[in-house]
Structures are given as structure tokens and as C-alpha cells.
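Please look at the sequence and the structure shown below before reading on. The report then takes up a few parts of it in turn.

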Amino acid sequence: MKVNKLILSGGCLALTLILILTLTWPKYQAFKNLQLNIKVKEAELQSKQEYFSQIKEISKQLEEYTDSLNKISSALPETPSLPSLFNFLQLSASQTGLVLGEIILGGVSEGKIRVTCRLTGDYPGFKNFLLALENSARMIEVEEISFESPEKPTESFTFVVQIKTYSY
Amino acid sequence: MIGIIPKTLKKTPQWQNFAFYISCGLLVVVILGYAVLFYFEAKAFGVLQDLEEKIAQVATKEEKVIEAKVLVTQKKISDFSKLLQSHQKSSNFFTFLEENCHPKVWLTEVALNPEKAEALVSGKTADFKTLGQQLFIFQQHELIQSVDLTNLLIGKKGETEFSFYLYLNPKIFQ
């Protein structure tokens with residue numbers, strides 16, 4: 001049986017077209033996407049490698065600043081360390097000639113600790129107490145200060161100080 | 001009727017032969033192309049998996065610990081520098097008061113709020129003139145933004161009792 005070559009050619013072309021549309025072209029697209037993904041992953045790998053080498057370098061650099069970092073850790077301790085804070089307040093008060101009458105814990109939240117202190121003593125002592133707070137190794141912010149002069153000159157001042165300190 | 005003379009066979013035109021071979025060739029090329037793409041895709045998939053494994057293994061446990069430490073330290077330093085920049089020296093206000101308080105003014109009460117940069121100051125003076133001078137001193141000072149007199153009383157002996165708010169320039173605490 002003889003088949004017209006023209007029909008065969010048409011059939012071949014139609015089959016070729018169908019194969020291109022259903023197999024080869026989608027495969028080509030998938031291959032292109034894979035290549036794109038490979039480039040993205042290569043970039044990701046390179047940036048990760050660079051990132052970790054930078055981290056190592058920074059870690060080495062930080063080792064040279066251990067003293068400064070220790071000071072920062074003292075300023076912002078990892079725990080609220082309330083006993084050591086109260087001890088510092090009591091010590092500073094006694095060193096400046098004040099009497100620490102009362103400590104009221106205002107609250108501990110989100111790393112902020114609020115404390116109100118009631119102190120009695122004289123004005124120069126109170127100023128020195130403020131200086132001690134300002135220059136303490138632990139970061140202490142004075143939020144409010146109030147005091148009244150005593151009615152009699154022989155009586156002591158009463159100072160109320162609200163402070164804020166931090167933990168990390 | 002039986003034909004005695006043999007018929008000449010119709011020859012296929014040359015262009016039809018050519019078109020047939022070309023279309024067959026194209027079909028073969030497409031099939032081969034698919035096979036080649038299949039091979040390269042599988043290879044690329046392997047490369048991608050290798051890369052993903054490498055990315056997952058790029059940091060050891062030790063390196064991840066170092067990373068966590070560095071990041072915490074970095075945040076701590078950043079927070080500390082912000083806090084240090086905003087650190088207020090409230091004692092500066094009292095030094096300021098000592099330097100700018102009129103000799104004939106007796107302060108009886110002070111309430112300072114460094115965060116709001118305001119202070120309520122109460123006191124006594126012998127007369128209005130002294131109070132006026134005291135207010136003038138504060139109003140003229142660059143570290144005072146404004147003065148708001150809130151309370152004024154005349155005592156039994158003619159002395160003046162006053163209260164005023166001082167709105168401070170935040171630079172006073174630096």
C-alpha cells in the first residue's frame with residue numbers, strides 16, 4: 001500500500017508540533033526554572049558562607065573588647081538582680097550620709113525595673129546620692145524627684161526618688 | 001481489457017520527498033531534544049539538591065552558638081548606646097538652681113521630672129520685687145524654655161509664697 005508522502009510529512013509535522021507543545025517546551029521551561037533556582041541557591045550559599053565568616057571575624061574582634069563588654073553587662077545585667085540593686089541603693093545612701101527609709105518596687109516588666117526610694121538627710125548628701133546613681137556601673141535613670149524643706153531647721157529633709165533601671 | 005503496455009509509474013515529486021525527510025528530521029530532533037533536556041534537568045536537579053544540602057550544612061552547631069552570641073551582644077551594644085545617649089543627669093538641675101537662685105529666695109519644695117523636663121518649684125520671698133527678679137533670672141536663662149507661675153500667696157508677715165513650673169531645655173540634663 002502506498003501512502004502519499006505529503007500526508008506523511010503533514011503527520012510528522014503535526015506530531016512534531018504536538019510533542020513540542022506537550023513535552024519539549026514544558027521540559028525546557030522546567031529546566032530553565034531549575035537553572036534559575038540553582039543560581040539563587042548558589043547566591044544564597046555564598047552569602048551564608050560570607051555571613052558566617054563575618055560572624056567569626058566579629059566574634060574575634062569582640063574578644064578584644066572584653067572589658068568594655070563586661071561594663072555593658074554590668075550596666076544591663078541579664079537578670080533584674082533586685083537584691084544587688086537594693087544593696088547598691090542602701091550603700092550609696094549610707095555613703096552620702098542619707099538614711100534609706102523605704103524602698104517600693106514599682107514593677108518589673110519588659111526589662112524595666114521601677115523603684116521608689118524614700119530617703120532622709122541633708123541636701124548636699126542628696127546631691128551626692130544623685131551623683132552616685134548617675135555614675136553607677138548599672139544604668140539607672142532618675143524619673144522623678146521631690147522634696148520639701150523641713151519646717152524646723154534642725155529637722156532632716158525627706159527626699160522621694162523614683163528610679164528606672166534595666167535588665168536584659 | 002488487459003493492458004499490454006505497462007503504465008509508467010508516477011514518480012513522487014522531489015519537493016515532496018524533501019518535505020518528508022525534513023519533517024522526519026524535525027520529529028527526530030524534537031525527540032532527541034526532549035531526551036537531552038530530560039538528562040540535563042535530572043543533572044540540574046541533582047546540583048540543586050547538593051546546593052540545598054550545602055546550605056543546610058554551612059553552619060556547624062558551634063558556629064550557630066557563636067552567631068547567637070554575636071547577635072545578642074550586637075543588640076546589647078546598640079541598646080546600651082541608645083540608653084547612654086539619652087542618659088540624664090538630674091543633678092545638673094540642682095546645680096543650676098544653686099547658681100541661679102536669688103539670695104533672698106527660700107525654696108521650700110521641688111518636684112523634678114527629668115523625662116518631661118519640667119520642675120515644680122515652690123518657695124518664699126520677702127517681697128514681690130525679689131520674686132520678679134527671680135522670675136526674670138529664669139526667663140532669661142537659655143536652659144529654661146518657659147516659666148509658668150501657678151500660685152501666689154501673701155503671708156501674714158507680708159512675705160510672698162509662690163509656686164511655678166519651670167519648663168526646661170533638655171540640654172540641662174546632658
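## A residue between two chains

In which helix does Glu67(B) lie? Glu67(B) belongs to helix H2 (residues 61-85) of chain B, where helices are DSSP runs of H or I with at least four residues, strands are runs of E with at least two, and both are numbered from the N terminus. With a relative accessibility of 18%, Glu67(B) counts as buried, a word used for under 20% relative accessible area, while exposed means over 50% and partly exposed lies in between (1.4 Å probe, protein chains only). Leaving aside neighbours within four places in sequence, Glu67(B) is in contact (heavy atoms within 4.5 Å) with Tyr51(A), Phe52(A) and Ile55(A).

## How the model is read

This is a predicted model, in which local features need pLDDT of at least 70 and side-chain atom pairs count only at pLDDT 80 or more, whereas totals for chains, interfaces and linings use all residues. Residues are numbered from 1 along each chain as its sequence is written, chains are lettered from A and ligands numbered from 1 in the order in which they are written, and side-chain values use heavy atoms, with hydrogens and water left out.

## Helix H3 of chain A

In H3(A), the residues Leu82(A), Leu85(A), Leu89(A), Ser92(A) and Ala93(A) are buried. Seen down the axis of H3(A), the buried residues fall within an arc of 100° (taken from the directions from the helix axis to the C-beta atoms), so they line one face of the helix. The face turned away from this buried side carries the exposed residues Pro83(A), Ser94(A) and Gln95(A).

After H3(A) comes Gly97(A), whose phi is positive, near 80°.
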